[in-house]
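User: I have a model open and would like to go through parts of it by question and answer. Please keep to what can be computed from the atoms.

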Amino acid sequence: MRPDPSIPRSAVYELTNRENERLINRLSRIGMTNTVVSFFTLCTILVVTFLILDRIEKSTRDELRHMLRTVLDSTQIALDSWHQSHLSVIKTHAEERENWTLLTKQLIDSKVDKATLNQNPLVRELRKGIKPTLIDYGYHGFTIISPDMTNIVALRNNILGKKSIITQEQKFLDLAFLGQTLITPPLHAEILLPDRNGNMRRGMPTMFVLTPLNDPETNKVMAVLAFRLAISDGYTSVSKIERLGSSGETYFYNDKGVLLSESRFQEHLEEIGLLEPGEPDVLNIQIRDPGVNLTLGEKSALSRDKQPFTKVVPVSENIFSGETLKPYRDYRGVKVIGAWRYDKTSQAYLATEMDAAEAYSTLEQTKMLIWGLILFSTLILMGLVIVMARSRKQATDFAAEVTKELRIHSENLEQLVDSRTQDLRQAKEKAEEANQLKSEFLANMSHELRTPLHGILSFSEMGQDKVEVAPTSRLKRYFTRINESGERLLHLVNDLLDLSKLESGLIELELKEKDLRQSCNLVIEELSLLLAKKQLKIEHAADTDLIVEYDPQKLEQVFRNLISNAIKFSPEGSEISIHYSAIDLPLGRRKEDTGIQPGIEIQVRDSGPGIPDEELEHVFDKFVQSSKTKTKAGGTGLGLAICREILHAHHGRIFATNNINQGCCFTLQLPLKQR
């Protein structure tokens, strides 16, 4: 609108100058508002993220604590059952085999020379009577011990007449002579016994099941019967029943921190020098903290006997159990979490541990994923703020330039007012349009990111609440939903990155000359299951040679998007057609570009609901879907935008039309050669 000629030029100039100042102030307020909104949005995201991570971490720790306790409970049950089984066998046989008791009494009463025990017929008869029981129950020998702690009957001659090795743990032998049936801890053996690989070796530890033999006349204990166990049949058989993950270990040890069951890391212990090659680990490993990770080749500054015990070894006689989710070093120096308790029956401790790296791996991966998404969202938000700031600066600079020019060209004030005011309005509209686009983009991103995040949080919360009672199938369904939401997030991020690179021209095409139909057929083969599910047919038709110079990976992405959309919206049993034909294309897109070049046109037609005519161009915009299909599309609205950028990178184009009867047609036009 032109100024009134009756108004003096100076007044027009002052009026225009004030309008410019108001515009600059308004742009500044918009900029300040955008900055404040962006800052509070970022703060809100960070606070919510910290709350989510804290909740996930607490849930993970609760689950780990439950797993440690469950393993200890299961091992305790197995240990009690193992104890009861062996005690029942020896006690039952000692009470029911009266001839064992009678022969033992005769042997003791005869006061035979201990040097000739191997020739005594009573010894041979007892051996003959007891040996079948050993074979039936897998014991590796037996001995009958007199009150002077001497072996008066045994399976092997070389220990007859000698002090019993059970005197290494004298209190257990004393309890047996007081009438108790019990099992000794591991002892240093003097005979050949099988190692963990079944090879017979000398020096392997052994255990004994003890029960008293009562004098049939006085009913007082006259001797102790002991069945011998190999160490692999002892605590080791119980400790192998329950372990956590691929790095977990359950083991037994005494109050002096000495290992009583075989370690699952024996090879590592030999490699790091805690054991000599072939040396048994039972009774030869102390549960001490080296202060460094020996498995990584690190060397401790302290000798083994000077190193402190690990967390599981009690520092007080009154401590019978414990657990910790804070990583500590085990006897190899590896950071672990664990739980432990004291068993009164065996008078030994049992512990279960798991490498901290494995225990917290899922938590760390979740943290990395969430922080990665937050970083990505923050970068997008910062980029938008920078773009808006530049737009405001450009508008402000332009307004200042207009004011300067108005001063210089005061003689042509009326004409300049019209021209510059229009330019200012356009600048204002561009700034407001940029602000509107930013708001729409943030709204779309918020929706697209929040939907799968809600899915992840909802199903992880359900799994957390029901992990102890829900069946495996339901937990599997929760994890499947979490995985699907994560895949959707990853797909959205990949689409955004692809679109950003394409729009900025950062992606370089890897051009090859090949048959375009090969790429199309490859995509059709990938989608064959979806086609079969809806009983769809694909018709191919080509009126020309299909050798084109293009980037196969990028064009396959276009075909994949168009054909999957056609499958999605086509009714069952219908047909999808793909037609190739030769066309002439202009040499460029500018008005001054003249001439034509050979090209090829590909049309993908379906029988779906089609696209409203007024939306045929807008469906290629970011986050835009057709109003006829968006309620069941389930996508992000980025696929067709990416297709358009890929075609532009190939100096081609893509557009949509509706079929005469039903459905729509997407047309791709490509030059045969890239300039």
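User: Gln-674 lies in the segment after which strand?

Analyst: This is a predicted model, in which local features need pLDDT of at least 70, side-chain atom pairs count only at pLDDT 80 or more, and totals for chains, interfaces and linings use all residues. Residues are numbered from 1 along each chain as its sequence is written, and side-chain values use heavy atoms, with hydrogens and water left out. Strands (E, at least two residues) and helices (H or I, at least four) are DSSP runs numbered from the N terminus. The segment that holds Gln-674 comes after E19.

User: Does Gln-674 count as buried or exposed, and at what relative accessibility?

Analyst: Buried means under 20% relative accessible area, exposed over 50%, and partly exposed in between (1.4 Å probe, protein chains only). Gln-674 therefore counts as buried, its relative accessibility being 13%.

User: Which residues does Gln-674 touch, leaving out those up to four places away in sequence?

Analyst: Contact means heavy atoms within 4.5 Å. Ala-649 is 25 residues from Gln-674 along the chain, and their C-alpha atoms are separated by 9.7 Å. The residues touched by Gln-674 are Leu-511, Glu-549, Ala-649, His-650 and His-651.

User: How many residues of helix H15 are buried?

Analyst: H15 spans residues 639-649 and is mostly covered. Its buried residues include Gly-639, Cys-643 and Leu-647. His-651, with a positive phi near 60°, follows the helix. Of the 11 residues in H15, the number buried is 9.

User: How many bridges does strand E17 form with E19?

Analyst: Two strands pair if DSSP finds at least two bridges between them. E17 (residues 596-605) has 7 of its 10 residues buried, and strand E16 (residues 575-586) runs antiparallel to E17, joined by 10 bridges. Gly-599 has Pro-671 in E19 as its bridge partner. E17 pairs with E19 (residues 664-671) in the antiparallel sense, and the bridges number 7.

User: At roughly what angle do the axes of helices H2 and H3 cross, and what does that make H2 relative to H3?

Analyst: Axes are lines fitted to C-alpha atoms, for helices over the stretch in contact, and angles run from 0 to 180 degrees between N-to-C directions. The axes of H2 (residues 98-109) and H3 (residues 121-137) come within 10 Å and cross at roughly 155°. Angles under 35 degrees count as roughly parallel, over 145 as roughly antiparallel, 65 to 115 as roughly perpendicular and the rest as oblique. That makes H2, relative to H3, roughly antiparallel.
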